[in-house]
Amino acid sequence: MKIAIIGTGYVGLVTGVCFAELGNKVICVDNDSKKINSLKKLIIPIYEPGLDDLVKRNVKNKRLSFSTSIKDAVNNSEVIFIAVGTPPRENGEADLTGIENVARSIAKAMSSYRLIVEKSTVPIETGIWVEHTIKLNINKKIKFDVASNPEFLREGQAIDDFMHPDRIVIGVESQRAKEILTSLYKPIGAPIVVTDIKSAELIKHASNSFLATKISFINAIAQICDLTGADVAKVAEGMGLDKRIGRAFLNAGIGYGGSCFPKDLDAFVKICEKYGYDFKLLKIVKDINHRQKQIFVDKIKDALWILKDKCIGVLGLAFKPNTDDIRESAAIDIIKRLLQEGASIQVFDPQGMEKSKAILEGVKFCRDPYEAAKKSDCLVVLTEWSEFKELDFKLIKKLMRQPLIIDGRNIYDKVLLKKLGFRYICVGRPKI
Ligand code: UGA
């Protein structure tokens, strides 16, 4: 099929390149001409494992191209995905200006039937507004359909998530739209859930809210563990083996971050308010997540007493491993709190350093984990990169001022660290 993706951010670029890989002809559009020019030169604006090779291969095979022109893309495509950003407004609502503008531009460029698909995470009923906007701006004789096809990919494993999803959700209101989307996704071979548009829109917000709830739930359990001496890792294992609960997203730590959960929960709470429902549960989920960061800073204070002029080595800046994304990263939040307390910070992250330099002042950015540990009063783990799991701890111990590790992601074997002479503090697990 011939496909246009409007909005070449994380979701748009991954979706576009994966559809191209499946044999479709894809044009990725963005109004950021700098980004499009870079992509034309095969410079990829984000770090995502496997993305680089896939873009190069599909551009070379002429299945993938980049443009700043919605008009050209709409003329040359039968299916148009809208994947522009829906950033939060000050009150937490999603700002849908980008979606409206794109819908208007698509309408003006259309000369025959097109299927317009919402890919961005949007509030329920956005589909109705997209349809309305297109109707207002289109030549009345032209037929079109609107559909919702939310994306569930995770940063850091986005390509695998796209190619091997647990399910594909398509919200449609016509047989024609259903047939186009089911045949587009057929090669992937995953279960397809066909719904109306509103239900598809709701599935996305409900899924992210549920996952965030799981994380805050286990973080609350971690608090009980810290207070009682139980072990949250064992509790999660014991709960997770129950198939009705599942082990995924039960890792306690410093709270969830990223460009999706915090923003989507805020937006969802707002939408519910608009319809007259006060989603108190989600407000508490957000509150637990917010407090989790200060609780971790307090652990560091308990271990070091006064933070002023203490040197803290930090491992991790990205909101999770395998990404350079630091948006709403709990690591950044915690570092800022430590700086406010007067601590001096030396940090290393395999991918998140460049983006962090712009927002963290007065921090030393190190070449590797060992430089971050050098002469530090404690080493703090904030992102669970796998390379942090395999460190030379004998060397780390020699480099540090005192052998103290405070682990916000529970990645180390506490027995081993104790044997090596470290004091090891983590989240929701008893000291030994
Ligand atoms: C999330 C969803 O998982 C995707 O399905 C969805 O498509 C995406 O949002 C989106 O809406 O675009 P993502 O934000 O990339 O994906 O990252 P996750 O892997 O879900 O992690 C989110 C945060 O939760 C991270 O800060 C991570 O460290 C934290 N987390 C995750 C925990 O603290 N504990 C866990 O057990 C799991």
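The model is predicted: local features need pLDDT of at least 70, side-chain atom pairs count only at pLDDT 80 or more, and totals for chains, interfaces and linings use all residues. Residues are numbered from 1 along each chain as its sequence is written, and side-chain values use heavy atoms, with hydrogens and water left out.

**Domains and interface**

The chain is divided into domain 1 (2–195) and domain 2 (211–425), with bounds from an automatic or database domain assignment. Their C-alpha centres lie 33 Å apart. Domain 1 gives 18 residues to the contact and domain 2 gives 16 residues, where contact means heavy atoms within 4.5 Å.

About 1,400 Å² is buried between the two domains, and carbon and sulfur atoms give 54% of that area. Buried area is the accessible area (1.4 Å probe) that two parts lose on being put together, summed over both. On the domain 1 side, Y47, G92 and E155 lose the most area to domain 2, together 39% of what that side buries.

Seven residue pairs are in polar contact across the interface, both residues at pLDDT 80 or more. A polar contact is a pair of N or O atoms within 3.5 Å; within protein, one must be able to donate a hydrogen and the other to accept it, and residues adjacent in sequence count only if both atoms are side-chain atoms.

**Salt bridges**

A salt bridge is a side-chain nitrogen of Lys or Arg within 4 Å of a carboxyl oxygen of Asp or Glu. The count comes to 31 salt bridges, and between domain 1 and domain 2 it is one. Two pairs are listed here.

| Pair | N to O distance |
|---|---|
| R327 and E155 | 3.7 Å |
| K135 and E131 | 3.2 Å |

K135 and E131 are separated by about one helical turn because they are four residues apart in helix α6 (residues 126–137).

**The sheet**

Helices (H or I, at least four residues) and strands (E, at least two) are DSSP runs, numbered from the N terminus; two strands pair if DSSP finds at least two bridges between them. Six strands form an open sheet with parallel pairing, in the order β11-β10-β9-β12-β13-β14. The edges are β11 (364–365) and β14 (423–425), each with a single partner strand, so one side of each has no neighbour in the sheet. Strands β12 (residues 378–381) and β13 (residues 404–407) run parallel and are joined by three bridges.
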